[in-house]
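User: I am new to this structure. Please show me how to read its side-chain links.

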Amino acid sequence: RANAAEFAGELTALDEDLTAGLDDCTSTDLVTGHSAFAYFADRYGFHQESVSGLTPGAEPSPTALADLVEHIEDEKITTVYAETLVPQDTADTIARETGAEVAVLDPIEGLTDASAGDDYVSVMRSNLETVREGQGCSCPERPPSSSSRAPPSATRTARSSATSTSPSAAVRSSPCSAPTAP
């Protein structure tokens, strides 16, 4: 029960940081490889346009690709998101056609060496920073939530040794900067 309560606190802190970090963005159009981020987009105020619908790695039709390129140009979208588990060839093509940048999000369908974390919370914090930068989000006025904590792996390491003085145990993350010591 203690672990469940701790993890619930981590999820609450993550949601608070996502909400604050994505509150004020210059673009709310999220162009992704496929519709893996629909819940994320809905919860945090984005409209998702996907390159290949629900099927990751599927090739879009020439018409669908042309429509998406036109949408990106019309809306002045600056970032197209590829994914860790899918080749980013189509995202690269769209970026070349529109002048957009390609950034990589992790849909957390399977952790790989390309994943920017080793668990849900750390991967989502990485996704937060990626989306924040790609969507032109400003930093929140408030400090990160007081319940923010080190990635669970660092927390587990600190808990496993009651005498641990590991600096990673004291790391807090912010929706607008790299993790820093308090």
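Analyst: Start with a definition. A salt bridge is a side-chain nitrogen of Lys or Arg within 4 Å of a carboxyl oxygen of Asp or Glu. Side chains of opposite charge can pair when their charged atoms come close. Note that this is a predicted model.

User: How many salt bridges does the structure hold?

Analyst: The count is 3. Take R43 and D15: their side chains meet at 2.9 Å, N to O. R43 sits in helix 2 and D15 in helix 1, so the bridge ties together parts 28 residues apart in sequence. R43 is exposed, at 56% relative accessibility. D15 is partly exposed, at 22%.

User: Which side chain meets D17 in a salt bridge?

Analyst: That is R125, at 2.8 Å, N to O. The pair links distant parts of the chain, with R125 in helix 5 and D17 in helix 1, 108 residues apart. R125 is buried, with a relative accessible area of 14%. D17 is buried too, at 0%.

User: Where do R132 and E129 lie?

Analyst: Both are in helix 5, 3 residues apart, or about one helical turn. R132 is buried at 13%, while E129 is partly exposed at 24%.

User: What does the disulfide join?

Analyst: A disulfide is a covalent bond between the sulfur atoms of two cysteines. Here C25 is joined to C137, with S to S at 1.9 Å. C25 is in the loop between helix 1 and strand 1, and C137 in the loop between helix 5 and helix 6, so the bond ties together parts 112 residues apart in sequence. The S-S torsion is about 95°, so this disulfide is right-handed.

Methods. Residues are numbered from 1 along each chain as its sequence is written. This is a predicted model: local features need pLDDT of at least 70, side-chain atom pairs count only at pLDDT 80 or more; totals for chains, interfaces and linings use all residues. Side-chain values use heavy atoms; hydrogens and water are left out. A disulfide is a pair of cysteine sulfur atoms within 2.5 Å. Helices (H or I, at least four residues) and strands (E, at least two) are DSSP runs, numbered from the N terminus. Buried means under 20% relative accessible area, exposed over 50%, partly exposed in between (1.4 Å probe, protein chains only).
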